[in-house]
Amino acid sequence: MKRNMKSIENINVIAGTLGILSFVSQSCTDQEKKVRPNIIIIYADDVGYGDVGCYSSNTLLTPNTDLLAYRGLRFTNAYCTSASSTPSRYSMLTGEYAWRKKGTGIARGDAPAIITPGRTTIATILKKAGYSTGVVGKWHLGLGPSEGANWNGEISHTPLDIGFDYSFLIPATNDRVPCVYIENRRVVRLDPTDPIKVSYTEPILVEPTGKDHPELLKMHPSHGHDMTIVNGVGRIGWMSGGKSALWVDEDMADTITSRAVKFIENNRNNPFFLYFATIDIHAPRLPHKRFEGKSGMGPRGDALVEFDWSVGEIMKTIDRFNLTEKTLIIVTSDNGPVLDDGYIDQAVELLGNHKPAGKLRGGKYSAFEGGTRVVFIATWQGKITPGRNDELFSQIDLLASFAELTGQSFNAGDAPDSHSNLTALLGKAPSSRNWVVEHAVNGRLSIVKDNWKYIEPGPGEKLYTNVNIESGNDTVPQLYDLRTDIGEKYNVATDNPLIVSELTQLLNKIKNSETP
Ligand code: NG6
Ligand code: CA
């Protein structure tokens, strides 16, 4: 089980096998940089590495996502930074690892803004470059000042304060109150005579809860999710009021996709950046009736079909305005897959042969690869040569890569962990990154370098029993040879003490912010 690290250092250079990129050393031309393409990030929620057709799942049809991959680059070695939503989103937008900053764990629905107004983000960079910037969908990065958002008036500390010109949000997750949309600084369709109250500490018992009134539920919890009932679903947190503003889960994909399409329509004549964060496929999975039964896998599979429909609507809009050669579209996910995430929706029972994490071990929350190695597709017709890209890529580098693409600079300290990897993103050169750090929900860090994966030791249960996901926790150091053991089955740490020591030191350096 020994493998010499030095001997594999060059393995990153991809063989010219059919469908895999081979590089004729190219950098991005000035011409390319001047193009200022529109940039769209379609950010899925909880979509796993094996959850779309083009990542080898023949068990589920995702024709639009597959077509996008066919027209562009399908990355096999791309990572979000964390195995849950808030930290992944924080890191991607700011270019700073969430684990460096307190208060970036899974946010409550009443959390204050986690990214301080004025902070450098992907949106501020692109706005400086002359882009119109918009965010539509799941936010989950807090809103309002430290005392909390004013749900009944003007909301401060929103995406509009960190570089976005337009925002249409669900504040946190679809299983957390408040269950309302927020457009720019206001709750949509709020009746001022029926003000919203939100609490995560003291029960507000004006409306029935899932705990006391299970007979009112159309979707039952398997764990948690038994507080205020909205649209027949028990949520995390309590709320009252805002009746006219409450969302209907089954219409959510339609609602946000139409806002995303409108944003593109309105900005089609100038460069735009759209961060479209879908609600699919996070629980509660309540896709629109027209997707019901389409996957044969119950609500989780149907939500994936709905997700793919949203991807298709964005693609159609870009095609309709002849923008395919002017638009870089990225599809990726905030963390790995989970089946039962708190609602009884037969995700486990109806799974069949489908493998949400593909060949990877673990899933959402986990330190194993299933937690953070994600679907990542990049298309830009005429600029990105279609194929498969096995280069190491991390969402943390999108900020600096977009800055390079649009000729913008920023102070290194403002986005300390983001380094441009533009040529790898566009498939023109090997990755400029030779390691990535992964962050599990319990805070545990792992590092991948030269196809070795090291997980730091520490306490914690091995199985998150509620969700039935292996955590990746162990009290001893873990080392996996991903080249031969992508499923992280064989811990070879004791056979390779030098590699363990090298990776431990590298991880410590990164933790201490020294640029290695
Ligand atoms: C967990 C929730 C889970 C989900 C997750 C956040 C319980 C028992 N579990 O705490 O259902 O909401 O937080 O998911 O409440 S994420 O994709 O937004 O990170
Ligand atoms: Ca998620």
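Student: Which residues of α3 are buried?

Tutor: This is a predicted model, to begin with. The buried residues of α3 are Ser85, Thr86, Pro87, Ser88, Arg89, Tyr90, Ser91, Met92, Leu93 and Thr94. That is 10 of the 10 residues in the helix, which spans 85-94, so the rest of the structure largely encloses α3.

Student: What do they pack against?

Tutor: Those buried residues pack against β1, α4 (122-128), β4, β12 (272-277), α8 (398-405) and β17 (435-439). As for direction, α3 lies across β1, β4 and β12 and runs at about 165° to β1.

Student: What follows α3?

Tutor: Glycine 95 does, and its phi is positive, near 75°.

Student: Now the sheet with β1 in it. What's the strand order?

Tutor: The order is β7-β6-β5-β4-β12-β1-β13-β14-β2-β15. It is an open sheet of 10 strands with mixed pairing. The edge strands are β7 (186-187) and β15 (387-389), and each pairs on one side only.

Student: How does β1 pair with β13, parallel or antiparallel?

Tutor: Parallel, through 7 bridges. In that pairing, isoleucine 39 has leucine 328 of β13 as its bridge partner. Helix α5 (residues 252-266) also packs on this sheet and touches β1, β4, β5, β6 and β12. The direction of α5 makes about 175° with that of β12.

Student: Which way do the side chains point?

Tutor: Tyr166, Phe168 and Ile170 point one way, while Ser167 and Leu169 point the other. Both groups are buried. In a regular strand, side chains alternate between the two faces of the sheet.

Student: And which strands pair with β5?

Tutor: On the parallel count, β4 (residues 132-138) is joined to β5 by 5 bridges. There, glycine 137 has leucine 169 as its bridge partner. Strand β6 (residues 182-183) pairs with β5 in the antiparallel sense, over 2 bridges. In β6, glutamate 183 stands opposite phenylalanine 168.

Student: Switching to the metal. What are the protein donors of the calcium ion (ligand 2)?

Tutor: Asp45 (OD), Asp46 (OD), Asp334 (OD), Asp334 (OD) and Asn335 (OD1). They lie 2.2 to 2.7 Å from the ion. In sequence, the donor residues are spaced D-D-x287-D-N. Aspartate 46 is in the loop between β1 (38-44) and α2 (63-71), and aspartate 334 is in the loop between β13 (327-333) and α7 (369-372), so the pair ties together parts that are 288 residues apart in sequence.

Student: Are those two aspartates buried or exposed?

Tutor: Aspartate 46 and aspartate 334 are both buried.

Student: Why is the arrangement around the calcium ion (ligand 2) called irregular?

Tutor: Because the 6 donor atoms around the calcium ion (ligand 2) subtend angles of 51 to 170°. For reference, ideal angles for six octahedral donors are 90 or 180 degrees.

Student: You mentioned α2. How do α2 and α6 cross?

Tutor: Their axes come within 7 Å and cross at roughly 50°. The two helices are therefore oblique to each other. On the α2 side, the contact involves Pro63, Asn64, Thr65, Leu67, Leu68 and Arg71. On the α6 side, it includes Phe307, Trp309 and Met315.

Student: Back to β17. What sheet is it in?

Tutor: An open sheet of 4 strands, ordered β17-β18-β19-β22, with antiparallel pairing. β17 and β22 (478-481) stand at the edges with a single partner strand each, so one side of each has no neighbour in the sheet. The twist averages 15° from one strand to the next.

Student: How many bridges join β17 and β18?

Tutor: 5 bridges, in the antiparallel sense, with β18 covering residues 445-449. Glutamate 438 stands opposite serine 446 in β18. Helix α10 (residues 497-511) packs on this sheet, touching β17, β18, β19 (452-455) and β22. Its direction makes about 115° with that of β18.

Student: Last one: where is threonine 209?

Tutor: In the loop between β8 (197-199) and β9 (229-230). Threonine 209 has a relative accessible area of 5%, so it counts as buried. Its contacts, leaving out residues up to four places away in sequence, are Asp226, Met227, Thr228, Ile229 and Trp238.

How values were computed. Residues numbered from 1 in each chain as written. Chains lettered and ligands numbered in written order. Predicted model: local features only at pLDDT ≥ 70, side-chain atom pairs only at ≥ 80, totals over all residues. Heavy atoms only, no water. Buried < 20%, exposed > 50% of the residue type's maximum accessible area, 1.4 Å probe, protein only. Pairing = 2+ DSSP bridges. Donors = N, O, S within 2.8 Å, 3.2 Å for Na, K, Ca; no water. Tetrahedral: all angles 85-135°; square planar, octahedral: opposite > 155°, others 65-115°. Axes fitted to C-alpha atoms, helices over the stretch in contact; angles between N-to-C directions. Parallel < 35°, antiparallel > 145°, perpendicular 65-115°, else oblique. Contact = heavy atoms within 4.5 Å.
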